[in-house]
Amino acid sequence: MKIKFATVCLLLCGTWSMLSAQNPIVPPGVFLADPEGHQWKDGRLYLYVSRDESPDYYCSYQYDLISTSDLKNWTIAENAFASKGPNDQVPYSDGALYASDAAYKDGKYYLYYSMNDRIDEGVAVSDAPDGPFRNGQPMKGISQIDPAVFIDDDGQAYLYWGQFSAKGAKLKDNMLEVDTTTIVDGLVTEQEHFFHEGSSMRKRNGIYYLVYAHLRKGRPTCIGYATSKSPLGPFKYGGVIVDNAGCDPESWNNHGSICEFNGNWYVLYHRTTNGTRSLRKVCIEPITFNEDGSINEVEMTSQGAGDPLCAFDTIPAERACLMWGNTRIHLKSQHDEELSGIQNDNYAVYKYIDFGEGADTFTVNVTPQSGGKIEVWIDNLWTPPVGVIDVPADRKGETLTLTGKINPVKGVHALTLRFMGDKESEELFTVDSFRFGKQ
């Protein structure tokens with residue numbers, strides 16, 4: 001089954017327009033992680049992802065995947081491959097499916113997957129980039145998780161895998177077997193490259209980029225990279241591309257890739273959400289390369305690969321790219337998320353908001369608990385807030401729409417909502433959405 005979704009914004013700074021790839025790029029209630037991005041011959045960008053379904057464990061027994069032709073309109077292909085239940089294509093195991101990657105060769109698409117029970121890799125085949133992939137079989141001679149596949153300019157294919165020490169080898173011409181005589185261990189390591197897991201390989205201007213989950217401050221919250229002149233190394237440490245620390249108080253890991261789409265390059269990654277390590281959402285940010293091939297570290301944003309969010313549209317509160325304190329994104333209903341768990345002196349940050357020619361009112365949809373205040377800060381917390389909204393105490397679960405005056409704001413800015421109230425309160429209120437206006 002394929003589901004299409006897009007985000008539409010009414011701009012006072014322009015006309016009706018599609019917002020491009022706001023973060024996260026999947027709808028409320030959908031949790032997809034570990035994105036590997038490839039633009040295939042049909043021109044679409046396909047993201048091969050894990051599917052999260054529970055706050056208690058990672059991943060699930062099936063893969064969905066998402067694709068787009070423009071970074072604006074996305075399609076979810078559900079159950080493209082499964083190890084259990086409907087469309088079970090793994091006769092030798094009922095283990096959950098961990099991270100995957102895919103390659104195209106000679107008219108066939110090859111899906112390389114890993115499983116939690118066997119801790120090894122397998123491969124399945126399809127005639128289409130979005131599946132269904134069939135006839136899963138194990139890759140003999142290798143073990144551990146997170147396979148990544150790469151086909152070089154000469155047609156030689158390589159497979160990468162492993163935790164703490166990345167391994168790589170040539171694939172045989174049939175794309176179903178590893179040439180075990182070519183295995184190289186220690187391509188990148190925890191000690192020398194801060195490597196944790198999640199290898200991904202790309203090539204640009206003769207440089208091979210091994211991208212991976214990178215440790216920082218004891219947690220693999222980053223997407224990092226190393227470079228080489230050969231697909232099997234040696235690799236020189238490069239640095240961090242993006243760090244998801246701060247996206248959620250429970251943030252633990254990251255996993256993703258870099259990809260080229262229509263001549264531009266992006267980093268794909270995931271954020272922890274809903275106050276648990278195991279419900280994650282795909283995000284995207286543009287990246288740039290320096291003349292020497294190095295990649296500049298980018299920040300997490302709410303706008304992703306698109307334009308800044310329009311201040312005059314209703315902005316879902318769950319588009320926050322940074323949160324401090326006890327505040328968490330919470331699944332309010334099957335298709336609606338909100339900020340909950342809000343306590344005194346918590347923050348939610350949105351980067352970036354386009355206020356156009358000027359906004360002077362702020363409207364927010366809240367469900368009060370003990371009540372408090374919402375302070376509206378622009379760019380930083382070193383100057384006074386531009387406005388404050390008073391939130392009353394609980395009205396038996398009633399959702400309120402509150403509007404207040406703010407000092408006029410023009411142009412593009414980062415937005416911080418600071419929540420204040422009783423220091424002893426377990427929850428001040430929940431926030432569903434907000435918007436700005438002009439009187």
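Is Met-175 buried or exposed? Met-175 counts as buried, because its relative accessibility is 0%; buried means under 20% relative accessible area, exposed over 50%, and partly exposed in between, with a 1.4 Å probe and protein chains only. This is a predicted model, in which local features need pLDDT of at least 70, side-chain atom pairs count only at pLDDT 80 or more, and totals for chains, interfaces and linings use all residues. Residues are numbered from 1 along each chain as its sequence is written, and side-chain values use heavy atoms, with hydrogens and water left out.

**Overall build**

- The protein has 34 strands and one helix. Both are DSSP runs numbered from the N terminus: helices are H or I with at least four residues, strands are E with at least two.
- The radius of gyration is 22 Å, which agrees with the value near 22 Å for a compact globule of 439 residues. It is taken over C-alpha atoms, and the globule rule is 2.2 Å times the number of residues to the power 0.38.
- The C-alpha trace spans about 70 × 50 × 40 Å along its principal axes.
- Of the contacts with a separation of 6 or more, 57% join residues 24 or more positions apart. Contact means heavy atoms within 4.5 Å.

**Surface and charge**

- Of the 439 residues, 59% are buried.
- The accessible surface comes to about 17,500 Å², and carbon and sulfur atoms hold 48% of it. Areas come from the Shrake-Rupley method with a 1.4 Å probe; for residues, only the protein chains shown count as cover.
- There are 40 positive and 58 negative charges, and their mean positions lie 2 Å apart. Lys and Arg count as positive, Asp and Glu as negative; His and the chain ends are not counted. Each charge is placed at NZ of Lys, CZ of Arg, CG of Asp or CD of Glu.

**Nonpolar cores**

- In soluble globular proteins, nonpolar side chains tend to be buried together.
- The largest nonpolar core here has 37 residues. Such a core is a set of buried Ala, Val, Leu, Ile, Met, Phe, Trp, Tyr and Cys residues joined through side-chain atoms within 4.5 Å.
- The residues with the most contacts inside this core are Leu-339, Tyr-350, Phe-362, Ile-374, Val-431 and Phe-436.
- Elements giving two or more residues to this core include strand E28 (346-354), strand E29 (359-368), strand E33 (412-420) and strand E34 (429-437).
- Leaving aside neighbours within four places in sequence, Tyr-350 has contacts that include Pro-316, Arg-319, Cys-321, Leu-339, Leu-417 and Phe-434.
- A second, separate core has 21 residues, among them Ile-241, Ile-258, Tyr-269 and Val-349.

**Backbone features in loops**

- The peptide bond from Asn-23 to Pro-24 is cis, with omega near -15 degrees. Pro-24 lies in the loop between strand E3 (17-18) and strand E4 (32-39).
- Gly-131 and Pro-132 are also joined by a cis peptide bond, with omega about 5 degrees. Pro-132 sits in the loop between strand E10 (121-126) and strand E11 (134-138).
- Met-175 is not glycine, yet its phi is positive, near 65 degrees. Its loop runs between strand E14 (165-170) and strand E15 (184-189).
- Asn-274 has a positive phi near 60 degrees and lies in the loop between strand E21 (264-273) and strand E22 (276-286). Asn-274 is buried, with a relative accessible area of 18%.

**Helix H1**

- Gln-191 belongs to helix H1 (residues 190-193).
- Gln-191 counts as exposed, at 65% relative accessibility.
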